[in-house]
Amino acid sequence: MPCLPEGTGGLSAFCWSHTLPNSWALWFFKNERSRAWRENLQMVTRFDTVEDFWALYNNIKLPSKLSPGCDYALFRDGIEPMWEDSSNKRGGRWLVSLAKQLRHLDLDRLWLDTMLCLIGEGFGDYGPDVCGAVVNIRTKGDKIALWTREADSQASVMHIGRVYKERLGLSMKATIGYQAHADTATKSNSLARNKFVV
């Protein structure tokens, strides 16, 4: 970030930063079975500038280096990464599933692209409908999910899904599905039926 040295034009170390359109919070989840789910979820930090995002990104472990059972979540500041949050409870998620052998090939790039879509407000007029995203590190295969506010808002959900798939650079043959949180919550094995597909 460019700064003027002290004594320049009467300004004292005045700096410019690139403010993001919104504030964001990064969360970390580590599955310790002896603790309640909520106790395993910790906010790492909040940020609202491009510089603070990169400072954070360059000083935390990449998702591919996390232990199975861990998650990162990046959500708009004020929205917690849980179904019960009032901004999430009527929503759902676009889900990208990765085979475990892709962890070291694609996971980190896809997660970075997801975060850049979020903080760069890459979804146009439907941007406010996006709540955040979660990356789950699991033994059987990893997942990245983009969460939206209203599962029944088909125009919004489909626009977000199409833009997201394009931004991730997924092939035309690849499909990603959208699941309503209400449906996922009632499935014990989290294999809810897709409400939409792109």
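**Buried cysteines, helix packing and selected residues**

C70 has a relative accessibility of 5% and therefore counts as buried, where buried means under 20% relative accessible area, exposed over 50% and partly exposed in between, with a 1.4 Å probe and protein chains only. C131, at 0% relative accessibility, also counts as buried. A disulfide is defined as a pair of cysteine sulfur atoms within 2.5 Å, and by this rule the count is zero. The model is a predicted one, in which local features need pLDDT of at least 70 and side-chain atom pairs count only at pLDDT 80 or more, while totals for chains, interfaces and linings use all residues. Residues are numbered from 1 along each chain as its sequence is written, and side-chain values use heavy atoms, with hydrogens and water left out.

The protein chain contains four helices and eight strands. Helices (H or I, at least four residues) and strands (E, at least two) are DSSP runs, numbered from the N terminus. Read from the N terminus, the order of the elements is β-β-α-β-β-α-β-β-α-β-α-β. Of the 198 residues in the protein chain, 44% are buried. Contact means heavy atoms within 4.5 Å. Among contacts with a separation of 6 or more, 65% are between residues 24 or more positions apart.

Two packed helices are described by the angle between their axes and the distance between the axes. For helix 1 (residues 50–57) and helix 2 (residues 103–119), the angle is about 160° and the axes are 12 Å apart. Axes are lines fitted to C-alpha atoms, for helices over the stretch in contact, and angles run from 0 to 180 degrees between N-to-C directions. Helix 1 and helix 2 are therefore roughly antiparallel to each other, since angles under 35 degrees count as roughly parallel, over 145 as roughly antiparallel, 65 to 115 as roughly perpendicular and the rest as oblique. The crossing of helix 1 past helix 2 is right-handed; a crossing is right-handed if the near helix is turned clockwise from the far one by less than a right angle, and left-handed if anticlockwise. Helix 1 contributes F53, W54 and Y57 to the contact, and helix 2 contributes D108, L112, M115, L116 and I119. Seven of these residues are nonpolar, none is polar and one is charged. Here Ala, Val, Leu, Ile, Met, Phe, Trp, Tyr, Cys and Pro count as nonpolar, Asp, Glu, Lys and Arg as charged, and the others, Gly among them, as polar.

Within helix 1, the buried residues are E51, F53, L56 and Y57. The buried residues of helix 1 pack against strand 1 (19–30), strand 2 (41–49) and helix 2.

The loop between helix 2 and strand 5 (130–136) includes E121. Most residues other than glycine have a negative phi. The phi of E121, however, is positive, near 50°. With a relative accessible area of 21%, E121 is partly exposed. P128 lies in the loop between helix 2 and strand 5 as well. Apart from neighbours within four places in sequence, P128 is in contact with R76 and R149. P128 and R149 are 21 residues apart along the chain, and their C-alpha atoms are separated by 8.6 Å.

L95 is placed in strand 4 (residues 92–99) and is buried, with a relative accessible area of 12%. Not counting residues up to four places away in sequence, L95 touches K143, I144, A145, I176, G177 and Q179.
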